[in-house]
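Please read these notes with the model open beside you. They go point by point.

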Amino acid sequence: MNKQLLNTQTSSTQIGENKYTLETGKLGNQADGSVWIQSGDTVVFVSAVSQKLERDIDFMPLVADYQEMSYASGKIPGSYFRREIGRPSERETLVSRLMDRPIRPLFPEGYFEEVQIIATVLSADPDFDPDVLAITGASAALQISSIPFMGPIAGGRIANNGNEFILNPTLEQINQSDINLTLAASKDAVVMVEGGAEFASEELIVDAIAWGHKQLMPLLEVQDELRETAGKPKVSFPAPEEDQELRDRIRELASESMQQALEISDKQSRKDAKSRIHEETSQKLAEENEQWGEKSKLIKKYLNELENNLVRNKIKKENTRIDGRSPDSIRELGMEVGMLPRVHGSAIFARGETKALGVATLGSSQDEQHLETLSGEQSKRFMLHYNFPPYCVGEVKMLRGPSRREIGHGALAERSLSPVLPPAEEFPFTIRIVSEIMESNGSSSMATVCAGSLALMDAGIPVKAPVAGIAMGLVQEEDDFYILTDILGDEDHLGDMDFKVAGSKEGITGIQMDIKLSGIPIEVLKNSLTKAKEARLNILDQMSTVLESPRQNLSQYAPQLKELQVDAGKIKDVIGPSGKNIKAISKATGASIDIEDNGKITVFAPNNQALQDAVEMVEYYDQKPEVGKNYVGTVKMVKDFGAIVEILPGVEGLVHISQLDFSRINNIHDFVKMGDEMRVKVTEIEKDTNKVRLSRKAVLAEDKGENWEGLDKGPNNKQNKKSSKKD
């Protein structure tokens, strides 16, 4: 018996129909903190480890990693190496961000040790998504560890069913819900919200968040219980260095110049002015006091503190922001569509110094993204990719793969636009949007939503409605809250909330909220959503002046589409042996062809001519013989009584020996051979058996100008009585 397993400490709670169990001491005992968290058959193991750094830094390097193991759902990885590859999937990256964002503000000031959180899915219940367990598990692992942490928090997902909300719904319940919100909350307030909705009202979102916060309380209490029974003493760390004399001197030296710098509306000029202030102030301080000259990090901290106080005081006392705007105003907007001549749809959306270029591309169903997930293989027909090149903020960096931030912003914009897309049954194209951030000064993800919406309409995609997004901010001074509309990058950095809301005129489609405070009142959240709606409607009105509705036709460079319905029995002929026929059509025309078992065929072609050619070639295999029509057929078999001729793919008919020629044929094998081409006319199709009777003699008669209908067309003429008996 392994005694170590006997030291397991367990706490559990029940919320609705779901039981939640937290265990520690079973696994990962060399980590600073580790938790096994389970609900249903879903199990996530989360570890937290802190490590001293050799280098001296002034920030806490936190890394939160989430990984899904194929064995959790009884599968072997589909990669070439048959193991989980090193690079995280987009899903894993997004869940890692869900863990990271709510816990990052909860480490105390001055704690600069390296911290790594790893959440591993060990067992996956298809009815319970492990992502919310990972959020709670990360908090619990930190809570019982020796790592300083101002938690706990808990994660949950909210859906609705009619007038009722559901905590941590099943996949089926999510699919039937108007909202899908993931949230993290402390005892005091909700600290993070992420999700999408089907044109939900602001009131519904607020009610869902408030309800979800109450439901998560037991998950916070169970973490405290586990802390009491299995928690480790928190490590001490040096208090942040302070020098009040230095702080006061910096305020004297830099207040006026910093105030002037903050009144510069241009981002880059303001940044340069602040950099000069840092350099000049540091130089003066070093001249005044040699010891101060060695406190570069403290000087930087106090200058940032000064900037923060000046920005907040200006909002509080003057009701004015950095760029001179009032709290409720939106920066000047600029829009243009269709500026890229060869792409399928394009748009530029500018809001102040933030500018996004959206490009829409259409493809066939073969261009769908195929994903291997714990719940099985899935495909995506809509993808939005967000790129944030270094030049957009005037920086130089190596170009690498997409960062976590880029993946996260792309997912938010994708979720915001998805509800307005036409269903695949009506518009069976794969759709991709790429957002190139050309300039950035706050809220580039919401600029991506606006640019993406315009690009979709410019491409002629029949969206249900235009969508716009806005980023809201918040400044708390004592008991007062100041809501800011359309925040700048500096306001995001210096403020207390980053709240992004996207939607149409009908309602909200995407939402993301991160709060740096311990929480905000529900009433403040409600007011933020109200102001966000006002701003969104304003932007949508201005977007409508540029492009009011989707273009009537797709771009001439977009793939062309046509749906055909063929006889289900003809599918094998269209495909051909080992796909020979369908491959030949695709090679000849460049078309992509999707075939369903019921005979529905969708043809995607690069242009109209290619579409017509591909359709004609497909329809060739679906032709039905017509009485009185001539065909050029191939002899497939020769019998004493006649020749079997294939006139259409899979359609054969008999040319009786009497119908081969006007002259008597004594030996049919001397007259016709297998593989010969023969011009024939369909003279009869038997109703009961669909047998096709052909005549070469009728074609010869037509060539002479004679009436073929007057000819004897059957095998039972007097000349061939013996042959007809064999037939």
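1. Two strands pair if DSSP finds at least two bridges between them. Strands (E, at least two residues) and helices (H or I, at least four) are DSSP runs, numbered from the N terminus. On those terms, strand 1 (residues 9-15) and strand 2 (residues 18-24) run antiparallel and are joined by seven bridges. Thr-13 has Tyr-20 of strand 2 as its bridge partner. The two strands form a hairpin with two residues between them. Gly-16, in the turn, has a positive phi of about 65 degrees.

2. Provenance and confidence. This is a predicted model, in which local features need pLDDT of at least 70, side-chain atom pairs count only at pLDDT 80 or more, and totals for chains, interfaces and linings use all residues. Residues are numbered from 1 along each chain as its sequence is written, and side-chain values use heavy atoms, with hydrogens and water left out. pLDDT is the predictor's confidence in each residue, from 0 to 100. The protein chain averages 91, and 97% of the residues score at least 70.

3. Over residues 716-727, pLDDT stays under 50. The model has 19 contacts (heavy atoms within 4.5 Å) beyond four places in sequence for these residues. Where pLDDT is low, the predicted coordinates should not be read in detail.

4. Helix 1 against helix 2. Axes here are lines fitted to C-alpha atoms, for helices over the stretch in contact, and angles run from 0 to 180 degrees between N-to-C directions. Helix 1 (residues 90-103) and helix 2 (residues 130-144) pack at about 40 degrees, with axes 10 Å apart. They are therefore oblique to each other. The scale: under 35 degrees counts as roughly parallel, over 145 as roughly antiparallel, 65 to 115 as roughly perpendicular, and the rest as oblique. The crossing is right-handed. That term applies if the near helix is turned clockwise from the far one by less than a right angle; anticlockwise is left-handed.

5. What makes that contact? Which residues of helix 1 and helix 2 take part? Helix 1 gives Arg-91, Val-95, Leu-98, Met-99 and Ile-103. Helix 2 gives Pro-130, Asp-131, Ala-134, Ile-135, Ala-138 and Leu-142. The residues of this contact divide into nine nonpolar, no polar and two charged. Ala, Val, Leu, Ile, Met, Phe, Trp, Tyr, Cys and Pro count as nonpolar, Asp, Glu, Lys and Arg as charged, and the others, Gly among them, as polar.

6. Backbone points to check. Most residues other than glycine have a negative phi, and most peptide bonds are trans. A cis peptide bond joins Gly-151 and Pro-152, with omega about 5 degrees. Pro-152 sits in the loop between helix 2 and strand 7 (154-161). Asn-168 is not a glycine, yet has a positive phi of about 50 degrees. Asn-168 lies in the loop between strand 8 (164-167) and helix 3 (171-175).

7. Strand 16 pairs with strand 17 (residues 430-439) in the parallel sense over six bridges. His-385 stands opposite Val-434 in strand 17.

8. Helix 9 against helix 10. The axes of helix 9 (residues 404-417) and helix 10 (residues 444-458) come within 9 Å and cross at roughly 45 degrees. That makes helix 9 oblique to helix 10. The crossing is right-handed. Contact residues include His-409 and Leu-412 of helix 9 and Val-449 and Gly-452 of helix 10. They divide into six nonpolar, seven polar and one charged across the contact.

9. Strands in the order 22-24-23 form an open, antiparallel sheet. Strand 22 (560-565) and strand 23 (592-595) are its edges. Six bridges join strand 22 to strand 24 (residues 600-605). Leu-564 stands opposite Ile-601 in strand 24. Helix 15 (residues 608-620) packs on the sheet and touches strand 22, strand 23 and strand 24. The direction of helix 15 makes about 15 degrees with that of strand 22.
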